[in-house]
Amino acid sequence: MATAVTTESVESKLFAALKEMGAEGEVTREATFEQLDVDSLDLVELAQVVEDEFGVELGGDDVKDLQTVGEAVDLVVAKAA
Amino acid sequence: MKSRVVITGVGAVTPLGVGAATLHSRWAAGECGIEDGAARCDEFEPTEFMSAKEARRSDRFAQLAVAACAEAMEDAGWSDGLPYDGDEVGCVIGTGVGGLDSLERQHDVLRDRGAKAVSPLSVPLLMGNAASAQLAMRHGFRGQTYGVVSACAAGAHAIGSAMRMIEQGEAAAAVTGGAESAITPLAEAAFRSMGAISESGVCRPFDRRRDGFVMGEGAGVLILEDADAARRRGAEPVAELIGYGATSDAFHLTAPDPDGDGAARAIELALADAQVGAGEVSYVNAHGTSTPLNDRSETVALKTALGDEAGRVPVSSTKSAIGHLLGAAGAVEAIATAFTLRERLIAPTLGYGEPDEGLDLDYVPEGSRALGNGNGNGMLGTRAVAISNSFGFGGHNAVLCLRSA
């Protein structure tokens with residue numbers, strides 16, 4: 001069963017995944033993917049994590065314009081709604 | 001006129017430890033990095049050489065290359081920045097199979113969890129040119145960069161290609177070598193299935209009891225520079241790279257030509273390229289895999305190429321100490337050869353005890369010994385010449401000729 005989507009659960013999972021992926025610096029909602037040295041390949045991995053955990057499917061078009069971690073969290077929550 | 005090429009830095013990660021000097025000194029001391037039938041780089045910790053993120057984005061074979069390159073650059077005095085414009089620096093790294101472990105893992109993901117779960121990092125992890133790509137990006141080598149694939153000759157072919165690049169004036173310097181980490185269940189089963197792997201788990205090249213090679217992993221990286229440019233910047237060469245010869249057996253998928261014709265021609269070409277005669281050769285670093293076929297045909301090839309001098313020249317196999325590093329073997333063994341020349345110390349063929357009929361060269365069985373100077377009639381003074389042989393499945397032969405600096 002997929003984990004229930006709440007802002008908190010998504011935030012917690014994405015923060016952990018980004019740390020696991022070796023993101024540079026502190027992972028916060030405000031941090032930009034550029035600051036975290038997260039590139040397009042990392043974003044695809046992040047989308048895979050989201051789908052595995054929450055059953056929410058994110059396509060390449062969904063993630064390519066994301067600037068901050070917070071935007072990614074909000075996108076997942078909005079898609080699940 | 002073509003440029004002369006010198007080796008100004010070397011780095012290696014091998015089953016004998018991290019470091020090129022460690023490889024030669026431990027081998028010369030008779031130590032062996034083979035355990036339980038395989039030779040792994042147990043001391044290697046990737047995050048000592050790169051961030052956790054970089055390590056995640058590299059297959060182990062590329063990680064090993066990054067570490068070997070860091071040592072080679074420090075050795076060459078390149079650590080604080082390239083002494084040349086990056087456009088003038090090439091990078092050629094050989095491998096037998098590239099990121100095989102990454103490929104196997106992602107195949108498991110595909111089978112167990114479906115296509116959508118396959119990692120977007122799969123291709124950059126497994127591609128055979130991953131090591132040269134990583135090194136180029138990391139250090140700004142913006143000249144010709146690519147991988148070389150010729151099975152167990154890849155490391156030597158890479159070095160030969162990089163040498164030619166400098167000789168032709170297409171680069172002032174090149175970072176070259178080989179990297180391999182393919183001790184996976186699939187590779188082991190595959191090599192075992194074709195009868196290439198030692199069932200006894202012992203690598204004893206040229207010995208009557210030899211029964212196959214022992215799989216190893218590791219990387220060797222050399223910094224090659226145009227000799228004049230290196231001298232102008234005050235670099236101290238480790239050794240000079242004076243010859244390269246490469247041929248094909250065009251004989252069989254895996255078995256070497258028993259007449260050793262292709263291998264002999266490669267040796268002859270390397271010596272001719274170096275403009276030295278067999279009488280000047282002080283040492284042969286053999287391919288010496290410990291397979292019944294290779295060691296016999298290599299012996300025949302050496303007799304053909306070196307003629308009357310063959311019986312005089314000491315021949316030893318680095319694989320007796322570190323197993324077979326496949327696509328990294330030629331590079332690591334070229335480094336071992338450079339150390340042999342610099343330290344004037346020949347390390348032995350470990351495990352050799354029982355002569356085989358027809359295999360009657362001097363395989364340096366007793367332990368390390370001092371390096372001589374050819375047959376004593378040469379004009380080299382104190383500069384000694386050695387060759388390093390590499391032969392790959394598919395009949396690929398590559399031979400490098402080095403001279404002490």
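In chain B, residues B:A154, B:G155, B:A156, B:A158 and B:I159 of helix α7(B) meet B:A329, B:G330, B:A331, B:V332 and B:A334 of helix α13(B). Here two residues are in contact if their C-beta atoms, placed from the backbone, lie within 7 Å, and helices (H or I, at least four residues) and strands (E, at least two) are DSSP runs numbered from the N terminus. Sorted by class, this helix contact holds eight nonpolar, two polar and no charged residues. Ala, Val, Leu, Ile, Met, Phe, Trp, Tyr, Cys and Pro count as nonpolar, Asp, Glu, Lys and Arg as charged, and the others, Gly among them, as polar.

The model is a predicted one, in which local features need pLDDT of at least 70, side-chain atom pairs count only at pLDDT 80 or more, and totals for chains, interfaces and linings use all residues. Residues are numbered from 1 along each chain as its sequence is written, while chains are lettered from A and ligands numbered from 1 in the order in which they are written.

How do the two helices sit against each other? Two packed helices are described by the angle between their axes and the distance between the axes. The axes of α7 (residues 154–167) of chain B and α13 (residues 329–343) of chain B come within 5 Å and cross at roughly 70 degrees. This makes α7(B) roughly perpendicular to α13(B), the label for angles of 65 to 115 degrees (under 35 is roughly parallel, over 145 roughly antiparallel, and the rest oblique). Axes are lines fitted to C-alpha atoms, for helices over the stretch in contact, and angles run from 0 to 180 degrees between N-to-C directions.

Chain B as a whole has 13 helices and 15 strands. Its assignment gives domain 1 (5–232) and domain 2 (244–404), with bounds that come from an automatic or database domain assignment. The C-alpha centres of these domains of chain B lie 21 Å apart, and their contact takes 61 residues from domain 1 and 57 residues from domain 2. Which element gives the largest share of the domain 1 side of chain B? That share, eight residues, comes from α7(B). On this side of domain 1 of chain B, 35 residues are nonpolar, 18 polar and eight charged.

Chain B has 405 residues, for which a compact globule would have a radius of gyration near 22 Å; chain B has 20 Å, which agrees. The radius is taken over C-alpha atoms, and the globule rule is 2.2 Å times the number of residues to the power 0.38.

Chain A comes to four helices and zero strands. For its 81 residues the globule rule gives a radius of gyration near 12 Å, and the 11 Å of chain A agrees. The C-alpha atoms of chain A fill a box of roughly 30 × 25 × 20 Å along the principal axes.

Where the chains touch, chain A gives six residues and chain B gives eight residues. The chain A side divides into three nonpolar, two polar and one charged.

Finally, confidence: pLDDT is the predictor's confidence in each residue, from 0 to 100. Its mean is 96 in chain B and 93 in chain A. Within chain A, confidence is lowest in helix α3 (residues 60–63), at a mean of 82, and highest in helix α1 (residues 7–20), at 96. The model scores ipTM 0.90 and pTM 0.96.
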